[in-house]
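Open the model in your viewer and keep the selection panel at hand. Each stop says what to pick and what is there.

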Amino acid sequence: MKGFAMLEIGKVGWIDTERPSAGPYDAIVRPLAVAPCTSDIHTVWEGALGDRKNMVLGHEAVGVIEEIGSEVKDFKPGDKVIVPAITPDWRSMEAQDGMPMHSNGMLSGWKFSNFKSGVFAEFFHVNDADMNLALLPKGMPLEQAVMLSDMATTGIQGAEMANIKTGSTVAVIGIGPVGLMAVAGASILGAGRLIAIGSRKVCVDLALEYGASEIVDYRKGGLVEQVLEKTKGKGVDSVIIAGGDKNTISDAVKIVKPGGTVSNVNYYGTGDTLPIPRIEWGSGMSHKDIRGGLTTGGRLRMERMADLCTYGRIKPEKMVTHVFEGFDKMEEALILMKEKPRDLIKPVVLL
Ligand code: NDP
Ligand code: ZN
């Protein structure tokens with residue numbers, strides 16, 4: 001079967017690879033809609049995960065089940081499903097310990113386009129189908145559903161990790177699709193003042209629609225100075241990092257109050273260390289909590305993300321600025337994600 005793959009660091013292309021088969025608890029899925037992720041860009045062009053040879057890319061998909069293993073109880077061939085980017089091994093000690101995304105090793109719940117072939121293929125394999133797939137709700141548009149695999153769950157997780165208290169002040173650094181979902185999540189979780197930081201107009205407009213109370217353009221002056229000025233030098237209660245470069249974590253520590261929380265979902269693709277500013281971190285005694293996480297995957301999480309759409313709490317389909325049709329367009333969509341033209345938020349490929 002055909003798949004669009006990372007050939008080596010810095011190189012992508014089409015490959016012929018073996019069609020996967022299902023073990024007793026697994027499913028084989030044919031994609032109906034897929035989306036490239038900024039993480040694919042870090043993986044290929046920054047070599048962030050190390051070299052990968054001929055690994056099919058993609059971890060955001062909605063699809064139709066083609067085949068199931070003998071022990072799969074809740075799904076059958078023909079069912080349309082939302083596939084999470086993270087498909088943990090639920091029979092693992094890490095999952096028992098509340099860390100399914102790190103089941104059997106750090107980041108190992110993230111299998112697609114990391115440890116095994118991803119979803120940019122004619123068919124792909126899903127481990128533990130009953131625990132990792134969610135039925136596509138009747139009538140849910142594919143463009144909306146495919147935003148749940150990764151963008152909604154990741155952005156909202158950024159908000160969940162940020163210790164947001166009702167009415168507290170939150171800054172979201174980066175308002176690409178992940179940051180936009182973080183804005184929506186922070187709004188649902190009760191942020192009062194909600195400062196969104198980005199520059200592209202399409203993203204700014206949607207951030208305001210999703211609940212941002214104001215915008216800081218980091219290209220028009222220092223991010224730290226602008227946020228501190230807005231908050232009369234006090235800083236914010238929580239910062240969610242969903243974009244930026246390796247200095248962004250330093251910016252976040254500088255704008256968060258003592259006792260506040262920095263919640264990172266950004267993927268740092270290069271470098272050995274990240275800078276934490278000593279003075280602003282209170283020489284180690286500031287009670288400024290720095291957290292970072294890979295998003296939660298699995299069925300329940302996807303069902304909850306779907307409910308957020310069904311009951312009108314989030315509208316992630318508004319982030320889809322570019323829709324392609326046909327398998328061959330996966331390449332174009334991925335390259336678009338790499339180049340990030342100013343009118344792009346997120347591309348989707350319908351199959
Ligand atoms: P985008 O590239 O679409 O958005 C990045 C945002 O960061 C943009 O708003 C951009 O602003 C802003 N930005 C860029 N540089 C700076 C800077 N120096 N200071 C402040 N803001 C800056 O990314 P995505 O939304 O697609 O993804 C965000 C991150 O999340 C990526 O690193 C991705 O790999 C990661 N990710 C993590 C996951 C997880 O599980 N933890 C899962 C999925 C993704 P501008 O408006 O100027 O473009
Ligand atoms: Zn991703």
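The tour goes from a sheet to a metal site and then to a ligand.

This is a predicted model, in which local features need pLDDT of at least 70, side-chain atom pairs count only at pLDDT 80 or more, and totals for chains, interfaces and linings use all residues. Residues are numbered from 1 along each chain as its sequence is written, chains are lettered from A and ligands numbered from 1 in the order written, and side-chain values use heavy atoms, without hydrogens or water.

**The sheet.** Select β1, residues 2-8. Strands here are DSSP E runs of at least two residues, and helices are H or I runs of at least four, numbered from the N terminus. β1 pairs antiparallel with β2 over six bridges; pairing takes at least two DSSP bridges. Alanine 5 faces glycine 13 in β2. The open sheet runs β2-β1-β4, with β2 (11-16) and β4 (55-56) at the edges.

**The zinc ion.** Select ligand 2. Its protein donors are Cys37 (SG), His59 (NE2) and Asp150 (OD), 1.8 to 2.2 Å away. Donors are N, O and S atoms within 2.8 Å of the metal (3.2 Å for Na, K and Ca); water is not among the atoms, so sites may look incomplete. Cysteine 37 sits in the loop between β3 (27-35) and α1 (38-45) and aspartate 150 in α5 (148-160), so the pair ties together parts 113 residues apart in sequence.

**Ligand 1.** Select threonine 38: a side-chain N or O atom is 2.5 Å from a ligand 1 oxygen. For lysine 340, a polar side-chain atom lies 2.8 Å from a ligand 1 oxygen. Finish on helix α1, which gives the most to the shell, three residues.

Terms used. A polar contact is a pair of N or O atoms within 3.5 Å; within protein, one must be able to donate a hydrogen and the other to accept it, and residues adjacent in sequence count only if both atoms are side-chain atoms.
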